[in-house]
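Work through the exercises below with the model open. Each task is followed by a stepwise solution.

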Amino acid sequence: MKDYISGYIRILTCKLNKDISTNSINLGHSQCFLILSLDRNGGILSQKEIESLLKLRRSSVTSLIQPLEKEGYILRSEKETDKRVKIVKLTKKGYEISEV
């Protein structure tokens, strides 16, 4: 199953990179998986959920999402009820590439 998922992510990454090749961002496997995961979860996940989902440390997740935020694919904000919790939301631009 793991090999199947890995192969699927590689195929999606190639497709996404081909479709957005005119943009300055080059998405890696983890960034594609993050965008697809956000799309499959209603467009919103906490940074902690992303850490768990991708099995990455906080600093790695931060490095992963910064370019996506800079390019407008995601927005990062604080949870209203708990400012310590960081929320990552897919933008319209992010939804557009997740539909490729």
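**Exercise 1. Salt bridges**

Task: How many salt bridges does a search of the whole structure find? Take three of them and state how exposed each partner is.

Solution. 
Step 1. The model is a predicted one. Searching the whole structure gives 5 salt bridges.
Step 2. Apply the distance test: a side-chain nitrogen of Lys or Arg must lie within 4 Å of a carboxyl oxygen of Asp or Glu.
Step 3. Asp39 and Arg40 pair through their side chains, with N to O at 2.6 Å. Asp39 is partly exposed, because its relative accessibility is 22%. Arg40 has 56%, so this residue counts as exposed.
Step 4. Glu78 and Lys86 also meet in a salt bridge, at 3.2 Å from N to O. Glu78 is partly exposed at 42% relative accessible area. Lys86 is partly exposed too, at 31%.
Step 5. Glu51 bridges to Arg58, and the closest N and O atoms are 4.0 Å apart. Glu51 has a relative accessible area of 13%, so it is buried. Arg58, at 58%, is exposed.

**Exercise 2. H2 against H3**

Task: At what angle do helix H2 and helix H3 pack, and which residues make the contact?

Solution. 
Step 1. Two numbers are needed, since a packed helix pair is described by the angle between the axes and the distance between them.
Step 2. H2 spans residues 29-40 and H3 spans residues 47-54; they pack at about 125 degrees, with axes 11 Å apart.
Step 3. Classify the angle. H2 is therefore oblique to H3.
Step 4. Assign the hand. The crossing of H2 past H3 is right-handed.
Step 5. List the contact. H2 supplies Ser30, Phe33, Leu34 and Ser37, while H3 supplies Ile50, Leu53 and Leu54.
Step 6. Sort by class: 5 residues of this H2 and H3 contact are nonpolar, 2 are polar and none is charged.

**Exercise 3. H3 against H4**

Task: Is H3 roughly parallel or roughly perpendicular to H4?

Solution. 
Step 1. Helix H4 covers residues 58-70; its axis and that of H3 come within 10 Å and cross at roughly 105 degrees.
Step 2. Angles of 65 to 115 degrees count as roughly perpendicular. H3 is therefore roughly perpendicular to H4.
Step 3. From H3 come Gln47, Ile50, Glu51 and Leu54; from H4 come Arg58, Val61, Thr62, Leu64 and Ile65.
Step 4. The classes in the H3 and H4 contact are 5 nonpolar, 2 polar and 2 charged.
Step 5. Link back to Exercise 1. Glu51 and Arg58 belong to this contact, and they also form a salt bridge.

**Exercise 4. Ser46**

Task: Where is Ser46 placed, and is Ser46 buried or exposed?

Solution. 
Step 1. Ser46 lies in strand S1, residues 44-46.
Step 2. Relative accessibility is 11%, so Ser46 is buried.
Step 3. Leave out residues up to four places away in sequence. Ser46 then touches Val85, Lys86 and Ile87.
Step 4. Lys86 also forms the salt bridge with Glu78.

**Exercise 5. The whole chain**

Task: What pattern does the protein chain follow along the sequence?

Solution. 
Step 1. The elements of the chain are 5 helices and 3 strands.
Step 2. In sequence order they read α-α-β-α-α-β-β-α.
Step 3. Of the 100 residues, 36% are buried.
Step 4. Residues 24 or more positions apart account for 45% of them.

Notes
Residues are numbered from 1 along each chain as its sequence is written. This is a predicted model: local features need pLDDT of at least 70, side-chain atom pairs count only at pLDDT 80 or more; totals for chains, interfaces and linings use all residues. Side-chain values use heavy atoms; hydrogens and water are left out. Buried means under 20% relative accessible area, exposed over 50%, partly exposed in between (1.4 Å probe, protein chains only). Axes are lines fitted to C-alpha atoms, for helices over the stretch in contact, and angles run from 0 to 180 degrees between N-to-C directions. Helices (H or I, at least four residues) and strands (E, at least two) are DSSP runs, numbered from the N terminus. Angles under 35 degrees count as roughly parallel, over 145 as roughly antiparallel, 65 to 115 as roughly perpendicular and the rest as oblique. A crossing is left-handed if the near helix is turned anticlockwise from the far one by less than a right angle, and right-handed if clockwise. Contact means heavy atoms within 4.5 Å. Ala, Val, Leu, Ile, Met, Phe, Trp, Tyr, Cys and Pro count as nonpolar, Asp, Glu, Lys and Arg as charged, and the others, Gly among them, as polar.
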